[in-house]
Amino acid sequence: MNKQMTAAQVVAQLKDGMTIGIGGWGPRRKPMALVREILRSDLKDLTIVAYGGADVGMLCAAGKVKKVVFAFVSLDFIPLEPYFRQARQSGAIEVMEIDEGMMLLGLRAASWGIPFIPTEVGLGTDIVKQNPDIKVIDSPYDDKEWVAMPALKLDVSLIHVDKADVRGVCQIAGPDFYMDDWFARAASKTFVSCDELVETEYFHDPAQARLVHWERSMTTGVVPIAGGAHPSSCSPLYGFDIPHFKAYAASAKEDTGFQGYCDKFLGASEEEYQKNVGGVDAIRAIELPTY
Amino acid sequence: MTAATDYTLAELCIVAASQAFADDGEVLATGIGVVPRLAASLAMKTSNTDLMMTDSEAWMLSEPNPLGPRPADFVPSTESWMGFSRIFDNVWSGKRHAMLGPTQIDRFGQSNTSALGGTYQKPKTMMLGARGFPGNSISHPNSFFVPAHNTRVFMDGECDFVSSIGYNPARLPKGHNLDDVDIRLVITDLCVMDFGGPDHQIRLVSLHPGVTAEEVQDNTGYPVHIPADVPVTAAPTQEQLAIIAALDPHNQRAHQIKDNPPGNRS
């Protein structure tokens, strides 16, 4: 089955009000080209589930978001995401704030088709107080109470990977695939952008196949976009773009705000965007971060 | 072991904070931020060589990495993969001790990393979010590092948002008891504290050289239990300072406490 498609074809399958999971972590390996295609669309009222970075900030700033399910939204070296902050401080969005591990459990429950996973995480904190939809239940096996972390069912997941073939075999060669395998499993449809499209034979080497973290039946569509994670990183291919993130964060303090950022960078297509940020070779040349 | 006379407050805090890990045995030590990371690294090199540590990305190391840019020929002592999803398996096993720096710590040891002021629907200042604090606090021991000890951090009343469980009877989950919560040391620019006072009250453990118990109380928004004899925080040894310098070749520790004061302020 050939699953290759364009970013525009992905966005054409999205509807107002959908719940969309976004892979990656903070400023790392975010499907930013697909996010930018949403910014160019008239989609609205989305619920976003993510270990958030600029993906969440930009979608909030563009008025695409009704609700964010999050444990953090951060650019790491810029700890506070400027536009998520604005959205929260103006009361513009609903939130479901949970622990990082609770999100993993919610994605697993959705993947496994079960309504919840019991955990002690969240007990005694404002996570249970501020989320009336998260129930605390008695156990049939002991005398303790437990948080019943509900399944986080996703209509769609968007993920960026290093390499994929047209059949949806996806490889993440960087040191961490984060929770992307669970995002892929928790969603009805998963669309994956890849830095490089490869032939299936590439995976015949077991060392390469070992870096495939979910089976291809979980992948609905594959969109080849070299540099498609920019300004987030796609280790080992490129790091995150620190000057770009600084300019993005600075735009939140300017009168023109996010519109000013978009006027400068977004463009009408990914080709225009990449031209505005110096081209794919410049993206691929960005140094990896040292932790 | 020669006690140093010339050391910075950051170095004193690193050494004091490293004590938190000394008796942990074989657990994952996670220090977020320069001082906690150097404290965990120092402990792994000296007082507790059984500690485990990651490279802050996705690999476990048998030797802590130096902070900041490293020479091109540097080879990290990788011993296993430890991506973020596996971190949670470790967290929930309890075999971890994290040292973190929340924005607020209330009298119950509850902490806040999420939001300040306003309402929950519309906070005055949005911060990071709860991150992993809820899970950390109920799963394994935790310590705190506070670079500026004041009444905004150690505030009167309850945290604006409670990210981590503490010793608050009103929030105690059914079937749990307060001793299940395990907050170890609180290291600040003034002193070392723990929650070992009566009924888990915050307690002064040691005063940094030149700091008085009154100063600590004046900068804490709730009563601190002050024992009759409070020792002075032990000065770093020359050996410890040498290890810290090797772990932090770019001297990032000089930028962690305002104006990088000397360790002895008497």
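Student: How many residues of helix α1 of chain B are buried?

Tutor: This is a predicted model, and in it helix α1 (residues 9-18) of chain B is mostly covered, with ten of its ten residues buried. The run goes from B:Leu9 and B:Ala10 through residues including B:Glu11, B:Cys13 and B:Val15 to B:Ala17 and B:Ser18, which are buried too.

Student: And which elements do the buried residues of α1(B) pack against?

Tutor: They pack against two further helices, α2 (34-45) and α6 (238-247) of chain B, and against the strands β5 (96-100), β10 (142-146), β11 (183-188) and β12 (191-194) of chain B.

Student: OK, zooming out, what does chain B have in the way of helices and strands?

Tutor: Chain B contains six helices and 13 strands, and 50% of its 266 residues count as buried. Among the contacts in chain B between residues at least 6 apart in sequence, 67% join residues that are at least 24 apart.

Student: What is the radius of gyration of chain B, and what would a compact globule have?

Tutor: The value for chain B is 18 Å, and because a compact globule of 266 residues would have a radius of gyration near 18 Å, the two agree. Taken along the principal axes, the C-alpha atoms of chain B fill a box of roughly 55 × 45 × 35 Å.

Student: Let's do sheets. What is the order of the open sheet of three strands in chain B?

Tutor: The order is β2-β3-β4 (chain B), and the pairing is antiparallel. The edge strands, each pairing on one side only, are β2 (53-54) and β4 (78-81) of chain B. Strand β3 (residues 59-61) of chain B is joined to β4(B) over three bridges, and B:Leu61 stands opposite B:Thr78 there.

Student: How many residues lie between β8(B) and β9(B) in their hairpin?

Tutor: Four residues separate the two strands of that hairpin. Strand β8 (residues 115-118) and strand β9 (residues 123-126) of chain B run antiparallel and are joined by three bridges, with B:Leu116 having B:Thr125 as its bridge partner.

Student: Which strands does β1(A) run parallel to?

Tutor: Four bridges join β1(A) in the parallel sense to strand β2 (residues 46-50) of chain A, where A:Ile48 is the bridge partner of A:Ile20. The chain gets from β1(A) to β2(A) through helix α2 (residues 32-39) of chain A, and this β-α-β crossover is right-handed. Strand β8 (residues 154-164) of chain A also runs parallel to β1(A), joined to it by three bridges, and A:Ser157 in β8(A) stands opposite A:Gly21.

Student: What about domains in chain A, and how far apart are their centres?

Tutor: The domain assignment of chain A gives domain 1 (7-97 + 153-198 + 211-284) and domain 2 (116-150), and their C-alpha centres lie 31 Å apart.

Student: Last one: how many residues of chain A are in contact with chain B?

Tutor: There are 38 residues of chain A in contact with 40 residues of chain B. On the chain A side, the elements that give two or more residues are α4 (82-89), α5 (100-112) and α6 (126-130) of chain A. By class, that side has 17 nonpolar, nine polar and twelve charged residues.

Conventions. Residues are numbered from 1 along each chain as its sequence is written. Chains are lettered from A and ligands numbered from 1 in the order in which they are written. This is a predicted model: local features need pLDDT of at least 70, side-chain atom pairs count only at pLDDT 80 or more; totals for chains, interfaces and linings use all residues. Domain bounds come from an automatic or database domain assignment. The radius of gyration is taken over C-alpha atoms; the globule rule is 2.2 Å times the number of residues to the power 0.38. A residue is buried if 20 or more other C-beta atoms lie within 10 Å of its own, exposed if 12 or fewer, and partly exposed in between; C-beta atoms are placed from the backbone. Two residues are in contact if their C-beta atoms, placed from the backbone, lie within 7 Å. Ala, Val, Leu, Ile, Met, Phe, Trp, Tyr, Cys and Pro count as nonpolar, Asp, Glu, Lys and Arg as charged, and the others, Gly among them, as polar. Two strands pair if DSSP finds at least two bridges between them. A crossover is right-handed if, with the strands pointing away from the viewer, the path from the first strand over the helix to the second runs clockwise.
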